[in-house]
Amino acid sequence: MKLSGQYTLPGPPAKVWALLTDPDHLAKLLPGCERLDPDGPDRFKTAVKFGIAAISGKYTGTLEFFEKKPPGSMRMRLSGKGLSGFVDGTGHVELAEKGGQTELRYTGEAQVGGMIAAVGQRMIEGAARKIVDHFFAAAAEELKKE
């Protein structure tokens, strides 16, 4: 499964970068995040609970940032397992200043297995888009507060 998109977020890239790389903020922004604990430099243990269609359930795994070029770009790697299957993926985020705001572009690719994979690509992509949209809407709201 591949995902890509772009969002305009309030504030300059440095402010958006700080939000997206802060574990306390990430835990609040990620839908269903129950735990995001440091596990080394730029690496976190996660526990997330989703209630969206076929991916409903609790997942534990890791999130790692790498190839960081503040405040312009970074890559990330995630993995998670739950009763309904697993997900492994990588993503790339680019930030650019645009009129006092930040244009964020992302691309990502994920492999899924188990019962999750049995429900079909289209349903999984829809659920993933819903999670991404929720995350960036919450990020925009948080940036407006600061």
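Colleague: What does glutamine 6 touch, not counting residues up to four places away in sequence?

Modeller: In this predicted model, glutamine 6 touches Glu103, Leu104, Arg105 and Tyr106. Contact here requires heavy atoms within 4.5 Å. Glutamine 6 itself belongs to strand β1, residues 2-10.

Colleague: Why is glutamine 6 called partly exposed?

Modeller: Buried means under 20% relative accessible area and exposed means over 50%. The relative accessibility of glutamine 6 is 41%, so this residue counts as partly exposed.

Colleague: How do you know that the chain is as compact as a globular protein of its length?

Modeller: The chain contains 4 helices and 7 strands, in the order β-α-α-β-β-β-β-β-β-α-α. Its radius of gyration is 15 Å, and the globule rule gives 15 Å for 146 residues; the two values are close, and the chain is therefore as compact as a globular protein of that length. Along the principal axes, the C-alpha trace spans about 45 × 30 × 25 Å.

Colleague: What share of the residues counts as buried?

Modeller: With the cut-off under 20% relative accessible area, 40% of the 146 residues count as buried. The chain exposes about 8,000 Å², and carbon and sulfur atoms supply 55% of that area.

Colleague: What makes a set of residues a nonpolar core, and which residues have the most contacts inside the largest one?

Modeller: The members must be buried residues of the nonpolar kinds, joined through side-chain atoms within 4.5 Å. The largest such core has 27 residues, and those with the most contacts inside it are Leu9, Leu20, Phe65, Leu95, Leu104, Tyr106 and Phe136. Helix α4, residues 121-145, supplies the largest share of this core, 7 residues. A second, separate core has 6 residues, among them Phe50, Tyr59, Ile116 and Ile124.

Colleague: Which residues does leucine 20 touch, not counting those up to four places away in sequence?

Modeller: Leucine 20 touches Leu26, Phe65, Met74, Leu95, Leu104 and Phe135.

Colleague: Among contacts between residues at least 6 apart in sequence, what percentage joins residues at least 24 apart?

Modeller: The proportion is 49%.

Colleague: How far apart are the mean positions of the positive and negative charges?

Modeller: The chain has 20 positive and 18 negative charges, and their mean positions are 4 Å apart.

Conventions: Residues are numbered from 1 along each chain as its sequence is written. This is a predicted model: local features need pLDDT of at least 70, side-chain atom pairs count only at pLDDT 80 or more; totals for chains, interfaces and linings use all residues. Side-chain values use heavy atoms; hydrogens and water are left out. Helices (H or I, at least four residues) and strands (E, at least two) are DSSP runs, numbered from the N terminus. The radius of gyration is taken over C-alpha atoms; the globule rule is 2.2 Å times the number of residues to the power 0.38. Buried means under 20% relative accessible area, exposed over 50%, partly exposed in between (1.4 Å probe, protein chains only). Accessible areas come from the Shrake-Rupley method with a 1.4 Å probe; for residues, only the protein chains shown count as cover. Lys and Arg count as positive and Asp and Glu as negative; His and the chain ends are not counted. The place of a charge is taken as NZ of Lys, CZ of Arg, CG of Asp or CD of Glu.
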